[in-house]
Amino acid sequence: MRQSEPIFNVPGSVTALIGVCVLIHIVRAFLPMDLADWATVALAFVPARYAGHAAEIAGGEVAAVTSFVTHMLVHGDVTHLMFNAMWFLAFGGAIAFRIGSPRFIAFTVFTGVAGALTFLAFHIGEPIPVVGASGAVSGMMGAVMRFIFVAMDRHDMPALREAPRRIPLMSLRQTLSDKRIIAITAIWLLINLVSAVGMPGVSVGAGVAWEAHLGGFAAGLLFFGFFDHGKPPSTSRLRVVH
């Protein structure tokens with residue numbers, strides 16, 4: 001009897017990243033409160049570091065460099081960690097199998113850094129610690145849209161778990177003109193707008209780094225092609241019905 005398969009395969013690089021995040025969260029939970037707070041800030045991305053205050057903030061000058069990456073490995077609470085882990089599982093597997101673990105790690109870092117830089121542009125000099133992999137997760141969401149709709153149009157959704165590389169990648173021009181991607185992006189932007197300014201009758205979580213979400217998403221959507229193996233044929237050779 002053929003066993004059922006998961007919707008998305010989960011390669012080792014994805015589970016390893018989730019494992020590192022979980023391990024760091026557990027270690028912080030068992031540290032004395034003062035030390036845990038220091039470690040959190042030392043690993044967090046803090047815009048004030050880049051306004052001449054790096055030496056005054058936990059982690060010092062070293063953290064001004066390392067926190068571009070380390071902030072992605074720290075999460076505010078278990079709910080925050082679980083939410084990002086679920087999105088890692090949902091999007092990360094198809095991406096990692098498609099481009100391989102080294103490029104997947106590089107892509108994760110790239111989108112996470114893009115998210116941090118976007119947050120910095122909006123909050124230069126402010127002492128606001130940012131933690132979590134949401135920028136990178138948003139980048140994965142943007143990247144997956146470059147090929148998931150192609151799989152749908154080709155009636156080849158099983159390829160997302162069996163052979164992601166055989167799904168052609170949308171060209172950037174096609175990506176920016178696809179009505180489905182435009183619609184999903186608009187909804188996603190609206191959700192982040194609500195997180196940023198609030199809306200009457202709608203309750204949102206405090207301290208959402210929506211700027212990092214925007215930066216990571218844009219980086220994933222626009223630049224995923226640079227990380228893709230390029231082996232699948234371009235969709236410019238295919239006729240796609242919308």
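Visitor: Why is Arg-180 called partly exposed?

Guide: Arg-180 has a relative accessible area of 24%. Buried means under 20%, exposed over 50%, and partly exposed in between, with a 1.4 Å probe and protein chains only; Arg-180 therefore counts as partly exposed. This is a predicted model, in which local features need pLDDT of at least 70 and side-chain atom pairs count only at pLDDT 80 or more, whereas totals for chains, interfaces and linings use all residues. Residues are numbered from 1 along each chain as its sequence is written, and side-chain values use heavy atoms, leaving out hydrogens and water.

Visitor: What makes the contact of Asp-153 with Arg-180 a salt bridge?

Guide: The N to O distance is 2.9 Å. A salt bridge requires a side-chain nitrogen of Lys or Arg within 4 Å of a carboxyl oxygen of Asp or Glu, so the pair qualifies.

Visitor: Which other residue meets Arg-180 in a salt bridge?

Guide: Asp-178 does, also at 2.9 Å, N to O. Shared partners join Asp-153, Asp-178 and Arg-180 into one network.

Visitor: Why is Asp-178 called buried?

Guide: Its relative accessibility is 2%, so Asp-178 falls in the buried class.
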